[in-house]
Amino acid sequence: MAENFRVMFAGLAKDTDQAHAISQLATRLKAPTAKVAAFLENKPLFAPCEKEKALKQAKILASVGIKSKLQPVQGNTIASNNDTSSQRDERIFNALDYITSSLIRIEEKLDDLEQRLPANQQQATADEDEDWQTDDILLDEELTTPIKKRSNILLFSLIAMVVILLVVLGLSFAFPDLLSV
């Protein structure tokens, strides 16, 4: 079983205001400011996790001016706690931590994609969207084209054929002996 680490508060960086750091971190993590403020009082903000993930969390904290340290956590300390509500809270905390870190990764990927997308391409797509609204030429052409007349020869020949077949059928019913020859 891999060793888990928890990110703990170590202090504030030079020239970092505590209230400003709390508000920035709360905004970045989309977490309540009370929870972030509790972190500065040595309460856990993130659930225990692998070392790589804990280092990423420490990097996020450092980006807003909060110094942190990694504290190893034994895996069996959670299992030794028999309080079911505490275990439930820990699972919820782990789930929220996972969701938060996933949102952060998605946000970083979106920022990277926005930086890669040139401004010219964004303007070109905006211009294309506007062009279709001002183009009335197609509508005018469809309304002014004359309706072409079809030749009725095929229609008249079909009607004549049906009339002839009906006459033959009528004669066969009127004079049944005529066809038996």
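1. Let's begin with the secondary structure. The chain of this predicted model holds nine helices and two strands. Read from the N terminus, the elements follow the order β-α-α-α-β-α-α-α-α-α-α. Of the 181 residues in the chain, 20% are buried. As for how the chain meets itself, 75% of the contacts with a separation of 6 or more are between residues 24 or more positions apart.

2. Helix α5 deserves a look of its own, and you will find it at residues 84–116. A helix turn takes 3.6 residues, so residues three or four places apart point the same way.

3. Glu-90 is in helix α5 and has a relative accessible area of 19%; buried means under 20%, so Glu-90 counts as buried. Its C-alpha atom is 9.7 Å from that of Pro-48, although Glu-90 and Pro-48 are 42 residues apart in sequence. Asp-97 is also placed in helix α5, and it is buried with a relative accessible area of 7%. Leaving aside residues up to four places away in sequence, Asp-97 touches Phe-46, Ala-47, Lys-53 and Gln-57.

4. Now to the pockets, starting with the largest. Rolling a probe the size of a water molecule over the atoms shows where empty space is left. The largest pocket has a volume of about 370 Å³. Its lining counts 16 residues, and those nearest the centre are Lys-56, Gln-57, Ile-60, Arg-105 and Glu-108. Helices α3 (51–63) and α5 each give at least two residues to this lining, with α3 supplying the largest share, seven residues.

5. Helix α5 provides the largest share of the lining, four residues. By type, the lining of the second largest pocket holds eight nonpolar residues, one polar and three charged.

6. How many aromatic pairs does a search of the whole structure find? The search finds one. Phe-9 and Phe-39 make up this pair, which is edge-to-face, with 6.1 Å from centre to centre and 75° between the planes. The pair joins distant parts of the chain, as Phe-9 sits in strand β1 (residues 4–12) and Phe-39 in helix α2, 30 residues apart. Both Phe-9 and Phe-39 are buried.

7. Lys-43 lies in the loop between α2 (33–39) and α3. At 47% relative accessibility, Lys-43 counts as partly exposed. Lys-43 and Met-8 are 35 residues apart in sequence, while their C-alpha atoms are 7.7 Å apart in space.

8. Finally, please check two backbone angles by eye. Asp-15 has a positive phi, near 60°, in a residue other than glycine. Asp-15 is placed in the loop between β1 and α1 (18–29), and at 84% relative accessibility it counts as exposed. Lys-30 likewise has a positive phi, near 55°, and is a residue other than glycine. Lys-30 belongs to the loop between α1 and α2 and is exposed, with a relative accessible area of 60%.

Methods
Residues are numbered from 1 along each chain as its sequence is written. This is a predicted model: local features need pLDDT of at least 70, side-chain atom pairs count only at pLDDT 80 or more; totals for chains, interfaces and linings use all residues. Side-chain values use heavy atoms; hydrogens and water are left out. On a 1 Å grid over the protein atoms alone, a cavity is a set of points where a 1.4 Å probe fits but cannot get out, and a pocket is an open set with protein on both sides within 12 Å along at least five of seven lines; lining residues have an atom within 4 Å of a point. Grid points are joined across faces, edges and corners, and a volume is the space filled by probe spheres set on the points. Ala, Val, Leu, Ile, Met, Phe, Trp, Tyr, Cys and Pro count as nonpolar, Asp, Glu, Lys and Arg as charged, and the others, Gly among them, as polar. Buried means under 20% relative accessible area, exposed over 50%, partly exposed in between (1.4 Å probe, protein chains only). Rings of Phe, Tyr and Trp (its six-membered ring) pair if their centres lie within 6.5 Å; planes under 30 degrees apart count as stacked, over 60 as edge-to-face and the rest as tilted. Contact means heavy atoms within 4.5 Å.
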